[in-house]
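Have the viewer open as you read.

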Amino acid sequence: MLVVLFSVVTITFFLVKAMPGSPFTTERKLPDSIRQQLEARFNLSGSTWEQYTTYLGLRRNVSGEYSGLLQGDLQPSVKYRDRSVAELLGNTLPVSATLGIAAFLLATTGGIWLGSIAAVRHGTWADTSAMLAALFLISIPSFVIGPLLIFFFAIRVDWLPVGGWGSWASIILPAVTLAGPYVAYIARLMRTSMLEVLGQDFIRTARAKGLSNTRVIYQHALKVALLPVVSFLGPLAAHLLTGSLVVETIFNLPGAGPFFINSILNKDVFLVEGVVIVYCTLLVALNLVVDVAYTLLDRRITLE
Amino acid sequence: MNAAIPPGAWSRLRKNPIAIAAMALLAFIILAAFLGPLVFTADPHATSREQFSPPSVAHPFGTDNNGRDVLARVMEGARISLIVGLSGAFISLVIGTSYGLISGYAGGRIDGVMMRFVEILYSIPRLIIIILATAAFDHSFKNWLNAGGHTVLVGYSKIIILIVSLGLIEWLTMARIVRGQVLALKNLQFVSAARALGQSHLRIIVRHLLPNLTGIVIIYLTLTIPAVILDESFLSFLGLGIQAPQASWGSLLADGATSINPVRSFWWTLVFPAAAMSLTLLALNFLGDALRDALDPRAQR
């Protein structure tokens, strides 16, 4: 897993260095001597390889120390001078994390609930309308849903804030926008697997024992039917991360997303790396958790 | 040999009114995107003094903040988005099918390693890497095109890069599904028979396995196209994809979203691109579902 993280860090570094322009470009052209001093100050002088190894902490930097990723130093931001990447992340990540967790919970609970209902009432109007709604939600992108939600719930009727961060109400619209397509996706997954499970022998046995319908569904079937959803949780987190870039832009949230976009446009290599490292670590860790959860839910896997 | 496309699939599809509606809608959108400019000749890049004029006879979809005609821009956006979606999906189809075929056919350790790699790719934020890659390569690709004398293509370099890079990330699901199908197919008797006849691996793959994958590949192709269109518009929405004055649905929606505010809402700059894009994606997703019902033998009642 560390290998994955390391490769992503490496690829990111060289891609950012390959972009045209430099973080020190401003409207006024800088004298060469000043530019060189700036580059040296941020350890961005020398060949790309030297910069990369300095960043990793394998080569002495300007002050003659080893201070890079290996030593846990994320470097200062090149564009937002005097602020370290760690500090910037510390300010923005709580917002992104709150949004992400809210959307994650909404997508999983909503999707599982909708999908189960559709499967249990297979073939009825409830099933048809739930699946129709799901297809609509999958097809309409978040940057259409977002502005429309703002238009109706924040402008037409003044129920919820237009954007920004602060009150609890301000998280509702962004979380709904972010979670929307994945509620639908999980509902479809859940419905298919629930239908399959409900047709199996052990469900018939449970019914034959005289268990109530609720008990059969929520105690016996749900546990098995959840497996495909659990294995989708890793990709879901990745989707929510990228999706949050758009949602944070639409709703003007002070999260890491807009910072990330700006840092790309500014070639702020350390800030880009910082965000990518956090995202990747999060995903890798989450995938490990999902793997463990999977084996706990499905005992057959440990037997193999 | 069991048929790749089960008999009756086409007639089942034709009996499905949703599928027919989706196909008609898609045909209309494609025609409007590519032939529409012949009928409605406004220049999508021409600015005018008429900023934010509401829909009228001269401008059926109104005009945007630079006085450009929204209908013409929606048509140009449709053209670019559809081209990116179709070509990107085609690239992912080629990669995904060959990857899945090789992995499934080789089996054993190779299969294990190859599928582990797919899982790893699933778990990293691929779009973020793509954002970086498009930003990194656009400039040098333009230089390369100029140096190679392909000056006609320079204006399209961003589109080409988007197509290639999106094709490079959207093949994972296709690979998984093809592999699953190959695993099921390769133990069937007709494959054993071909092997017993001494046919080469390549011949078995091309002549016996590939034709049997047609159905499933078509289904997932219809579902990959909307995924690529979504990715492209996502990047363009963030200002990292198609650049003005060129338009794609994503960049049009970004313009539209900024014009919605409590003071005055120029709804037509948002609603028309949103409707065009959503309807296209809906039609493609409905068609994909209908195809699955028609082609997937397991779904037959």
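## Chain B at a glance

Take the contacts in chain B between residues at least 6 apart in sequence: 70% of them join residues at least 24 apart. Keep in mind that this is a predicted model.

What is chain B built from? It has eleven helices and zero strands, so to speak in DSSP runs, and reading along the sequence you get α-α-α-α-α-α-α-α-α-α-α. The C-alpha trace of chain B spans about 75 × 50 × 40 Å along its principal axes. Of the 301 residues in chain B, 44% are buried.

## A helix pair in chain A

Now over to chain A. Helix 4 of chain A covers residues 85-120, and helix 12 of chain A covers residues 269-297. The two pack with their axes 10 Å apart, at an angle of about 50°. Because of that angle, helix 4 of chain A counts as oblique to helix 12 of chain A. As for handedness, the crossing of helix 4 and helix 12 of chain A is right-handed.

## Who touches whom

Which residues meet where helix 4 and helix 12 of chain A come into contact? On the helix 4 side of chain A you'll find A:Val85, A:Leu88, A:Leu89 and A:Leu93. They meet A:Phe270, A:Leu271, A:Gly274 and A:Val278 in helix 12 of chain A.

Sorted by class, this contact of helix 4 with helix 12 of chain A has seven nonpolar residues, one polar residue and no charged ones.

Technical notes:
Residues numbered from 1 in each chain as written. Chains lettered and ligands numbered in written order. Predicted model: local features only at pLDDT ≥ 70, side-chain atom pairs only at ≥ 80, totals over all residues. Axes fitted to C-alpha atoms, helices over the stretch in contact; angles between N-to-C directions. Helix = DSSP H or I, 4+ residues; strand = E, 2+ residues; numbered from the N terminus. Parallel < 35°, antiparallel > 145°, perpendicular 65-115°, else oblique. Left-handed = near helix turned anticlockwise from the far one by under 90°. Contact = placed C-beta atoms within 7 Å. Nonpolar A, V, L, I, M, F, W, Y, C, P; charged D, E, K, R; others polar. Buried ≥ 20, exposed ≤ 12 C-beta atoms within 10 Å, placed from the backbone.
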